Amino acid sequence: MPNTKLRRLRRWGATSVAVALGTTALAACGSSDDSEGEGKAESGPVSLTYWSWTPGMDKVADLWNEGPGRKDRVTVTVKKQASGDTLVTKILTAHKARKGPDLVQAEYQALPTLVSNDALADIAGEVDGVKDKFAEGVWQQTTLGSDAVYAIPQDSGPMMFYYRADLFKKYGLEVPTTWEQFADTARALKKKSPGTDLTTFSANDSGLFAGLAQQAGAKWWTTEGQKWKVAIDDAPTRRVADFWGGLVKEGAIDNQPMYTPAWNKALNTGKQIAWVSAVWAPGTLTTAAPDTKGKWAMAPLPQWSGGENVTGSWGGSSTAVTTDSRHKAAAAKFASWLNTDPEALTALAKEGGIYPAATTAQTSDAFTEPPAYFANQPDFYTRAADIAKTTAPSAWGPNVNVAYTTFKDAFASAAKNKSDFGAALRTMQDDTVADLEKQGFEVAE
Amino acid sequence: MTSARRRSYGVKGAPYAFLLPAAVLFALFFALPIGYAVWLSLHKVQVKGLGLGAGARSEVWAGLENYADTLSDSELLDGALRVLGYGALVIPVMLGLALVFALMLDTERVRLAPFTRLAIFLPYAVPGVVAAMLWGFLYLPDVSPFHFVLDRLGLPQPDLLDGGPLYIALSNIAVWGGTGFNMIVIYTSLRAIPAEVYEAARLDGATPLQIAVRIKIPMVAPSLVLTFFFSIIATLQVFSEPTTLKPLTNSVSTTWSPLMKVYQDAFGKGDIHSAAATAVVIAFVTLLLSFGFLRAANSRNKQEAAR
């Protein structure tokens, strides 16, 4: 999802436009407008439609159309989409009318929702040998713990710690390797320069919190037989919530949201000197803090106990074949090619700016040079690949969207009032369970 | 004879033929979607087991369950109260300003009237989302020029995106954008008042202020009712301003206004059924409030006419 993140800053604007269109979307909800998603059922040339938000995906598809696709007479047409949750809604609406495209891009946490709506096809039979190209923790997200395969991983977002190397030196700070040191660093900075914050706790991106919880060992959704178990309010996540809540309460860090003009300014002027983020951060920093190019450095995420070496992931997406597709085998073949073929992956990295999920691609030629913004750290991608290997497995459920929405409201209000983050976490757990039960899911206690 | 009968039949059918296009459009794009929304609101999704794979999800009859949930939802009530507070700020200020501007433009000795009229109207031409983004930048303490100036002058800098001031911040956007439109409506009806009326008043020795209060305002009362009616509906449906400001602050939740809750339920949580129920309730309340107001205004007019 790096490409999503690259444009996160512009998302404020994009969301606003979406707001203007929102009413229209409501009206159009019951109807379907895309009949081109269906290919011809007869033998002969096959034409596939692919909904993706990755910039330059059409160029990557052209490589297929002129290469392996030409041989099989399979043509892929890319239709550019809005990213993330907006696309999930659109896919589900199209699926309701049985007119979904053949292939869709989907974030990992959206897969259970899509599978639960029977929108994604099981392509286990078509993707032999693909599994080995990916890290275990990444692949497991596309199987939902079953024998089925619902998607092929495309990009991943291993989390890292970004900091202003020059200002850390100036304030005499050490790069924290544990969260305890992180808290001490925040406090030490406050003492030396009261107007400066180490970072902010932002409640407007649930993915960050989910990634941090994942690093702490949380498994928010698991299955027990035919029942779902929700463990959002369990020990690992509570540890994360209390940690950040404590820092906000004592005023050691800021409590204002990310991706605002004010946040950009804080990063650009050294008012905030670190950011817990993921591998796609260079893109975001390039637009948010252009004046500080070359002054940042990347380090592994602080750990909960010394000697540990785990990270979470924030973002990342996959390519899935829909149940509406009449050419599932051809679509699955394209999805495998797109995410495992070296030529395709290089093109994806170059045209789409993604960080590939396929492990061999992470050290390919496309990643020998550091991102321009991090020219001062030549081994950026070598270190990134090492960190990516330590990604903890994640566990998504069928109503991640509800948990994420509740997070935003509950934690925004807790951050604003500097009140108990534990209470906000309980709200998140309760609302998620209540929603599952309302829908009729069996929920284990 | 046959031709005569056909002709008379044709004349009889003519009104219906003329009505047909409007009726078809009404049925297709108004009645049918509303009917579908009501149908959705009476159903819900039922999941079996883990809810994975084909056939795990089905749409079942829910009766009034969604409505019961909607009406007992404290968040929706809170949202309604927030919107009420917002409306109590927006409507009097916006209509008051619109009336004052219209009266001022209607006086005889005003200079640069066309330019002023355009200048006051122009913000209405700015889309609400764009206006909210513009104001958002001006409100954010770290990037706001106002805060910069206040800081330089050593004055306190209020945070407009939090607590009570948030209502002022949101109202300000609506007032800025809506005053011009309402002013034009009132101004147009002021221009329609015949000049003889003023002449008679002046001969009777009325001052400009008396003319404004005793003659102009009563005579434009129907436009005031109309603008008030529109403003009530616009207030109940407030959506784009708070949604645009939401990413900038921790103080605006995703369910700040009732309509935001509908959007959140439908597209955030993917629960289109409860969203439909909430939408129907909002539509009903809007209808009740706005037509209740129109009725009250009409009966008052009749009373006055009877006097």
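Predicted model: local features only at pLDDT ≥ 70, side-chain atom pairs only at ≥ 80, totals over all residues.
Now show chain B as a cartoon. The chain has 13 helices and two strands. Its radius of gyration is 26 Å, well over the 19 Å that the globule rule gives for 307 residues, so chain B is more spread out than a compact globule. Along the principal axes, the C-alpha trace of chain B spans about 90 × 80 × 35 Å. Colour chain B by burial next: 34% of its 307 residues count as buried.

Then select the segments of chain B that an unreviewed UniProt entry lists as "transmembrane region": residues 16-39, 83-106, 118-140, 166-187, 219-239 and 272-294. Two of these can be inspected in turn.

- Residues 16-39 of chain B: 100% helix and 0% strand, with the end C-alpha atoms 29 Å apart.
- Residues 219-239 of chain B: 81% helix and 0% strand, with 34 Å between the end C-alpha atoms.

Next, turn to the largest nonpolar core, which has 194 residues. Which members touch the most others in this core? They are A:Leu111 and A:Phe334. Helix 3 of chain B (residues 74-106) gives the most to the core, with eleven residues.

Finally, centre the view on A:Leu111. Leaving aside neighbours within four places in sequence, the residues in contact with A:Leu111 are A:Ala106, A:Gln141, A:Thr142, A:Leu144, A:Tyr150, A:Ala151, A:Ser318 and A:Trp396.

Terms used
Residues numbered from 1 in each chain as written. Chains lettered and ligands numbered in written order. Core = buried A, V, L, I, M, F, W, Y, C linked by C-beta atoms within 7 Å. Buried ≥ 20, exposed ≤ 12 C-beta atoms within 10 Å, placed from the backbone. Helix = DSSP H or I, 4+ residues; strand = E, 2+ residues; numbered from the N terminus. Contact = placed C-beta atoms within 7 Å. Rg over C-alpha atoms; globule rule 2.2 N^0.38 Å. UniProt positions renumbered as here; feature names shortened; annotations may be inferred.
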